[in-house]
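Trainee: I would like to go through this structure with you. Can we take it one question at a time?

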Protein chains: 2
Amino acid sequence: MSIPDAMPAAVLTRHGGPEALELRSVPVPRPAAGEVLVRVTAAAMNNTDLWTRRGAYGLPGDPDALAGWRGPIAFPRIQGGDIAGEIAAVGDGVDPARVGRRVLVDPAFYDGEGPDAGPVGLLGSEADGGFARYVVCADARAHDVGASPLTDEELACLPVAHGTAAGMLARGRIAAGETVLVTGASGGVGLGAVQLAAARGARVVALTAPGKEEALREAGAAEVVLRGAEPGALADAVAHAAGGPLDAVVDVVGGPLLPALLDRIRDGGRWVIAGAIGGHAVDLDLRRLYLHNVALVGSSMHTPAHFAELVADALAGRIRPRIAGRYALTDIHAGQDEFARSAYVGKIVVIP
Amino acid sequence: MSIPDAMPAAVLTRHGGPEALELRSVPVPRPAAGEVLVRVTAAAMNNTDLWTRRGAYGLPGDPDALAGWRGPIAFPRIQGGDIAGEIAAVGDGVDPARVGRRVLVDPAFYDGEGPDAGPVGLLGSEADGGFARYVVCADARAHDVGASPLTDEELACLPVAHGTAAGMLARGRIAAGETVLVTGASGGVGLGAVQLAAARGARVVALTAPGKEEALREAGAAEVVLRGAEPGALADAVAHAAGGPLDAVVDVVGGPLLPALLDRIRDGGRWVIAGAIGGHAVDLDLRRLYLHNVALVGSSMHTPAHFAELVADALAGRIRPRIAGRYALTDIHAGQDEFARSAYVGKIVVIP
């Protein structure tokens, strides 16, 4: 298959509203040494696309600064961190037999070579991403998933959300038999956490909005608690559903929920947090941590080891993402509108 | 040696000021099955003695409640968690050959039998402690230290402060070669953390009050930063002394220092906290945790594994506590006055 010179792409031109994301024709990138060119067959949307567009991450020492999650964004930037596709070309030093392989792209850049290296960048943020016909990535980051029973659309739902969820479960040392609260359970990361925690033998209490109970039970939640009550009453409802103290909380909400629920965790329990759609400024009583050996564990994305585990899950068919909608790349603004309304359960896929 | 029926003891009669701690004659306890009676040759003071007396720990959901660290205290209660001594008698099922052994008492009660069990009680708080001529404890908690080069007074300095410090270093995964800030570095736990972190190969930046620099360098600190500046300037001074981002913070201070210093930790760094003499209510920006894989790890005392490591350190003479003062049990109020003024570096020993 010949590779064109130009391609359509969703390009972030500055921090701002939906109009800051423009559909443009851009040059098809060329893989450098050690890289591959991936023809994108399916991409998917994440909260980080919207946060990055808005510049909502702040900076250390300047919490209101407009910035991406790692600092300033180099515009123009093609967004999109979730990518499944096929290797279309290889750079110098990469085995040409890789061309044609069906791959799932690990969108992370790491601070080292080992399995426990930390993520310090993301396709779609620190380099061009997959809301386009083609994307380049390091050869080592394009995982062969030819044998997976999942479709390309299902695979594209995994990297950012399930990768983040896998990182949370690992960093929070979530173990089989533990009772775990998952907040924001119908969102991408939350639903991924429900699926992965249940697949690993934990008992999941899911916190979500009304109307989404059935989808969450299908995903593996043992109990569903509806949000909306004030934090104290919500904490009581969670404790009732859990039937006792929680072993851990897997949280993407933060805000007033955190201080209200922190003392419902057992001694030695963990609160793992990867986002704060409910507010990032919290009042914390440090005694609730240090008197009970409770850890508040920040979790950003995944390590190479976490992603390898996720690829193994995908190859074995142990998890099956839920697709809530599909949009052509040219309809990405309509897709992001639906995404922002959160009236669905599952992932929204983008077809380039 | 015959065992008397009565003994002098410092008994906490209620939550309150110094007058709530009374010197009384009380019955010598008898060891139950599986327990030993230890003749106390040296005890030592800790912040927890004063916090428990004042009831300053609060309760989950009621932060201003008067309570001990685990909840209500059963008065009257003999205080004192740091105990070195000699086994004077044994209960049923304990080898009589244990009588006469020189022992260091692990003051913790645990929630299980394994090496990683969590602490859920403390001699001097949940049971009678060592500010007395005799104390009972489980046979398994009286560690044979006959071979240690440390004096009984030095040994008595270890359990609570160095045990807490050992728990912090382990839970914070402090590794050789890392740069670690220790706050409150001239206090019991802080000085223990400086000594243990340096002994384990970490580079220690110690935060302390003026006049204590030399003692901290002797204890192993590579750099000393003086407290007193406002939090932002203090964070700059710490970063300058560290020569770059910190790998970890070992903190007993909390308060405004925490938000000011949190973004001086590297990605993947850890902030371990075991106390909050600078204030337990903090404003936390959750993004500073979850965007950087930073964990805020509450650390309460030690596990059996941590204490066993500390006993091994004591047997090998790898650490040598610093004794700042000695008081007879009958002078305990004067000793606690000196303790509360914090004008010294090291531990204050109580001789019964």
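Predicted model: local features only at pLDDT ≥ 70, side-chain atom pairs only at ≥ 80, totals over all residues.

Trainee: How much area is buried between chain B and chain A?

Mentor: Count what both chains lose on being put together. Carbon and sulfur atoms give 53% of that area. The total is about 3,300 Å².

Trainee: Which residue of chain A forms a salt bridge with B:Asp267?

Mentor: Across the interface of chain B and chain A there are two salt bridges. In the one with B:Asp267, the closest N and O atoms are 2.6 Å apart. The cut-off is 4 Å. The partner is A:Arg70.

Trainee: Where does A:Arg70 lie within its own chain?

Mentor: Check the ring of A:Trp69. A:Arg70 is 5.4 Å from the ring centre, and the distance cut-off is 6 Å. In chain B, B:Arg70 lies over the face of B:Trp69, also at 5.4 Å. For A:Arg70, the place is over the face of A:Trp69.

Trainee: How far apart do the C-alpha centres of domain 1 and domain 2 of chain A lie?

Mentor: Take the bounds from the domain assignment. Domain 1 of chain A covers 6-159 + 304-351, and domain 2 covers 173-298. Their C-alpha centres lie 27 Å apart.

Trainee: How much area do domain 1 and domain 2 of chain A bury between them?

Mentor: Start with the contact: 15 residues of domain 1 of chain A meet 12 residues of domain 2 of chain A. Of the buried area, 60% is on carbon and sulfur atoms. The area is about 1,000 Å².

Trainee: How many salt bridges are counted between domain 1 and domain 2 of chain A?

Mentor: A:Arg200 forms a salt bridge with A:Glu309. Their closest N and O atoms are 3.8 Å apart, within the 4 Å cut-off. The count between the two domains of chain A is three.

Trainee: Why is the pair of B:Trp51 and B:Tyr57 called tilted?

Mentor: A search of the whole structure finds four aromatic pairs over all chains. The ring centres of B:Trp51 and B:Tyr57 are 5.2 Å apart. Tilted covers what is left between stacked, under 30 degrees, and edge-to-face, over 60. The pair is tilted because its planes are at 45 degrees.

Trainee: Are B:Trp51 and B:Tyr57 buried or exposed?

Mentor: Buried means under 20% relative accessible area. B:Trp51 has 14%. B:Tyr57 has 6%. B:Trp51 and B:Tyr57 are thus buried.

Definitions and conventions. Residues numbered from 1 in each chain as written. Chains lettered and ligands numbered in written order. Heavy atoms only, no water. Phe/Tyr/Trp six-rings, centres within 6.5 Å; stacked < 30°, edge-to-face > 60°. Buried < 20%, exposed > 50% of the residue type's maximum accessible area, 1.4 Å probe, protein only. Lys NZ or Arg CZ within 6 Å of the ring centre and 35° of its normal. Domains from an automatic or database assignment. Contact = heavy atoms within 4.5 Å. Buried area = accessible area lost by both parts, 1.4 Å probe. Salt bridge = Lys/Arg side-chain N within 4 Å of Asp/Glu carboxyl O.
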